[in-house]
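Subject: Structure handover

Hello,

Here is the structure we talked about, with notes on what was found in it. Please read the notes with the structure open beside them.

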Amino acid sequence: MESEPVVHVTGLVKRYGQKTAVDGLDLTTTAGITAVLGPNGAGKTTTVEICEGYRAPDSGAVRVLGLDPVADAARLRPRIGVMLQSGGVYPGARADEMLTHMARLHAHPLDVGTLVERLGLGGCGRTAYRRLSGGQQQRLSLAMAVVGRPELVFLDEPTAGLDPQARRSTWELLRELRADGVSVVLTTHFMDEAEELADDVAVIDAGRVIAQGSPEQLCRGGAENTLRFTGRPGLDLGSLLKALPDGSGATELTTGAYRITGRIDPELLATVTSWCAQNGVMPSGISVERHTLEDVFLELTGKELRA
């Protein structure tokens with residue numbers, strides 16, 4: 001039996017003056033972890049803030065856990081956790097004070113001491129929020145969002161500014177929350193994060209969802225395999241395509257980074273290296289890989305995902 005939607009958005013529109021930030025967006029998420037991807041200005045943060053009840057839509061319907069985030073705010077807020085980019089913490093408050101305060105607002109919170117240890121906040125409990133490092137502030141905001149053991153948590157760039165070890169600890173915490181039945185909607189600029197964590201991925205561009213599915217489903221829509229290499233920028237891809245078998249593709253994804261698609265076999269690899277030799281190109285980092293989420297994102301939006 002198909003699970004009930006956790007978030008259900010239809011025809012969402014939000015304008016700021018003459019600018020349309022969200023333009024008839026449709027989005028449905030179910031239990032598990034949903035990653036929302038999109039270039040800057042695509043409308044993803046506005047969409048999430050409307051789902052959280054912090055902004056009112058101009059038109060469209062929004063239901064979160066079956067409730068209207070604005071009209072039913074008093075009933076919805078105890079059931080969700082929110083991590084804002086701005087932190088949402090009083091600058092002068094101590095880290096342990098804020099986290100303990102948030103825990104007391106909920107009937108069945110996570111153990112504060114265990115959460116502090118998991119997120120590496122043990123040494124800064126008595127430090128004012130404004131004196132914490134950027135990474136510590138980020139981890140405290142995450143802890144405050146999840147300490148109440150919500151049914152649904154919204155996370156805006158949860159691992160931005162974290163070191164690799166802290167990122168991995170955060171990933172493990174999110175996996176544990178999912179295993180405990182907590183649903184997660186997160187925005188991220190890290191493709192590896194979306195691929196590692198997400199059960200479902202929604203790609204937003206120009207205020208609309210332009211693709212949605214599991215990472216495997218989205219990647220399956222492209223070439224089964226890709227050949228990648230780096231070389232000098234601006235190679236003559238028309239000339240390269242003439243040397244390749246019919247049905248092949250060649251793209252300069254970013255400056256000097258190339259991707260070949262099609263039937264990737266030893267013959268094609270030999271053709272590419274031969275063409276490079278004939279044209280005075282020294283390729284490096286040659287690798288054969290499956291189509292990635294980043295490939296899909298670039299094909300859909302034509303833009304790099306950058307923080």
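H106 is buried, with a relative accessible area of 19%; buried means under 20% relative accessible area, exposed over 50%, and partly exposed in between, using a 1.4 Å probe and protein chains only. The residue sits in the loop between helix 3 (95–104) and helix 4 (112–118). Helices (H or I, at least four residues) and strands (E, at least two) are DSSP runs, numbered from the N terminus. Not counting residues up to four places away in sequence, H106 touches P78 and G148, where contact means heavy atoms within 4.5 Å.

Some background before going on. This is a predicted model, in which local features need pLDDT of at least 70 and side-chain atom pairs count only at pLDDT 80 or more, while totals for chains, interfaces and linings use all residues. Residues are numbered from 1 along each chain as its sequence is written, and side-chain values use heavy atoms, with hydrogens and water left out.

The chain as a whole

The chain has 11 helices and 13 strands. Of its 307 residues, 48% count as buried. The C-alpha trace spans about 70 × 45 × 45 Å along its principal axes. Among contacts in the chain with a separation of 6 or more, 70% are between residues 24 or more positions apart.

Helix 5 and helix 6

Helix 5 (residues 134–146) is mostly covered, with 10 of its 13 residues buried. The buried ones are G135, Q138, R139, L140, S141, L142, A143, M144, A145 and V146. They pack against strand 5 (80–83), helix 3, helix 4, strand 6 and helix 6. At 1.5 Å a residue, the 13 residues of helix 5 should span 18 Å, and the end C-alpha atoms are 19 Å apart, which agrees. The expected span is 1.5 Å times one less than the number of residues in the helix.

Two packed helices are described by the angle between their axes and the distance between the axes. The axes of helix 5 and helix 6 (residues 164–179) come within 12 Å and cross at roughly 5°. Helix 5 is therefore roughly parallel to helix 6. Axes here are lines fitted to C-alpha atoms, for helices over the stretch in contact, and angles run from 0 to 180 degrees between N-to-C directions. Angles under 35 degrees count as roughly parallel, over 145 as roughly antiparallel, 65 to 115 as roughly perpendicular, and the rest as oblique.

On the helix 5 side the contact is made by R139, L142 and V146, and on the helix 6 side by A166, T170, L173 and L177. By class, this contact has 5 nonpolar, 1 polar and 1 charged residues. Ala, Val, Leu, Ile, Met, Phe, Trp, Tyr, Cys and Pro count as nonpolar, Asp, Glu, Lys and Arg as charged, and the others, Gly among them, as polar.

T170, in helix 6, is buried with a relative accessible area of 0%. Leaving aside neighbours within four places in sequence, T170 is in contact with L119, L142, T159 and L162.

Two positive phi values

Most residues other than glycine have a negative phi. R149, which is not a glycine, has a positive phi of about 50°. R149 is in the loop between helix 5 and strand 6 (152–156), and at 42% relative accessibility it counts as partly exposed. E157 is not a glycine either and has a positive phi of about 55°. E157 lies in the loop between strand 6 and helix 6 and, at 8% relative accessibility, counts as buried.

Which residues of helix 10 are buried? They are L268, V272, W275 and C276. Seen down the axis of helix 10 (residues 266–278), these fall within an arc of 100°, so they line one face of the helix. The arc is that of the directions from the helix axis to the C-beta atoms. The face turned away from the buried side carries the exposed residues P266, E267, A277 and Q278. The buried residues of helix 10 pack against strand 10 (226–230), helix 9 (237–243) and strand 12 (257–261). Just after helix 10, G280 takes a positive phi of about 65°.

In helix 11 (residues 293–301), the buried residues are L293, D295, V296, F297, L298 and T301. Helix 11 is followed by G302, whose phi is positive, near 70°.

Regards
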